[in-house]
Amino acid sequence: MATTCNGFVVLCFLSLLACAAINGQLSPTFYSSTCPNLQSIVRSGMTQAVNREQRLGASILRLFFHDCFVNGCDGSILLDDTATFTGEKNAMPNANSVRGFEVIDTIKSSVEAACPTTVSCADILALAARDGVVLLGGPTWTVPLGRRDATTASQSAANSNLPGPGFSLSQLISSFANKNLNARDMTALSGGHTIGLARCISFRPHIYNDTNIDPSFASQRQQSCPSSGGDNNLAPLDLQTPTTFDNKYFQNLVAHRGLLHSDQELFNNGSQDALVRQYSTNAAAFASDFAAAMVKMGNISPLTGTSGEIRLNCRKVN
C-alpha cells in the first residue's frame, strides 16, 4: 500500500504547504535547520520498537489519536499525574489501555541528544504515529510540525472528548465533527483499526448483545471473552491481518465481522455503507483518505509560537 500513494503524497505535501502558509502555524520544514536529522531519529526509534513488538505501531497511532482529541495535539496525554492536576492517562478510555509511552521516552532522549530543547513531544508523537503506520505497510504522509507541549492535562476532558466503543454512527459523526473532521475522515480514521488489539471489556457488548454480527465470528470471540471476567483478554481488531496496515478491516465490516460495536456501526444500513464498500475493494482509496485525515487530525488546536513549552521529559512539565 505504501507504494500506491506516491502521487497522493506529493499533492498532500503541496496542500500542507498552502495550509501552513494560511494558518501561520505548522510547517513540514519547521525543524529543517534546528534539527535536520529529526525524522531519521524518530524513524529509527520506531523501527526498533516495531521490530521488538509489532503491536506498538498500533499503540502509538492510538496514542496520537487520543492526544489530539483532548485539547488538541499537544502531548498532554504523555503527562503523568501531579499534585496540581489529574492527567489523561487514567481517564476511562485510557486506563489499562493506552500504551507505548516508553517508546516516546526513548525517542525523545535520542532527539534531545541530537537537538537539545528544540523538538516538542507533541511533534515526536505525530511523527512516530506516521512511522508506525508505514512500518506496518500503510501509506506515508508529510507531517506538519511546530507543535509545542501542553503544561497541563485534564482527565475530565479525556473522559468527555474521546469516542467510545459503544458509540452509534450518529455519535461517531458528531464526535469527529466537533474536531472539524467530517464523516469521511471519521470512517477513514476508523480504518486504523486494521492494526492492533482490543480488550474484551470493549467488545463484549457487541459479541453478546448485538444482532448485526456474523454468528460464527461472535462465537469465536466469545471463547476468549466470557460474558463476565477476563476484561483484559485481547483480540485483534482485524481478524485477518492484525499486524499489517491494509483494507481488510473494511472487508470484515462488510462481512459483519467488526470487533467493536462502533466499528460495525460504519456498515449497518447507514450513511457510511457505500464508503466502507469502496474502501473494502479499493485499498489505494482508503490509503489516500487515511493519510489526508491524519494530517487534518494532526492540525487540531496545536499550541504554537510562545504557547506551551518544549518539554525536556515528555512525562512532566519543565
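I count a salt bridge when a side-chain nitrogen of Lys or Arg is within 4 Å of a carboxyl oxygen of Asp or Glu. The model is predicted, so local features need pLDDT of at least 70 and side-chain atom pairs pLDDT 80 or more, while totals for chains, interfaces and linings use all residues. Residues are numbered from 1 along each chain as its sequence is written, and side-chain values use heavy atoms, with hydrogens and water left out.

Entry 1, salt bridges. I find 12 salt bridges in the structure. I looked up E53 and R99, whose side chains pair at 2.9 Å, N to O. E53 sits in the loop between α2 (38-52) and α3, and R99 in the loop between α3 and α4 (101-114), so this pair ties together parts 46 residues apart in sequence. Helices here are DSSP runs of H or I with at least four residues, strands are runs of E with at least two, and both are numbered from the N terminus.

I call a residue buried under 20% relative accessible area, exposed over 50%, and partly exposed in between (1.4 Å probe, protein chains only). E53 is partly exposed at 29%, and R99 is partly exposed at 24%.

R147 and D123 form a salt bridge at 2.7 Å, N to O. R147 is in the loop between α5 (121-135) and α6 (155-161) and D123 is in helix α5, so the pair ties together parts 24 residues apart in sequence. Both R147 and D123 are buried.

I use a 1 Å grid over the protein atoms alone: a cavity is a set of points where a 1.4 Å probe fits but cannot get out, a pocket is an open set with protein on both sides within 12 Å along at least five of seven lines, and lining residues have an atom within 4 Å of a point. Grid points are joined across faces, edges and corners, and a volume is the space filled by probe spheres set on the points. How many cavities of 30 Å³ or more are there? I get two. The second largest cavity has about 40 Å³, and its lining includes R147, W141 and M294. Helix α14 (residues 283-298) gives the largest share of that lining, three residues.
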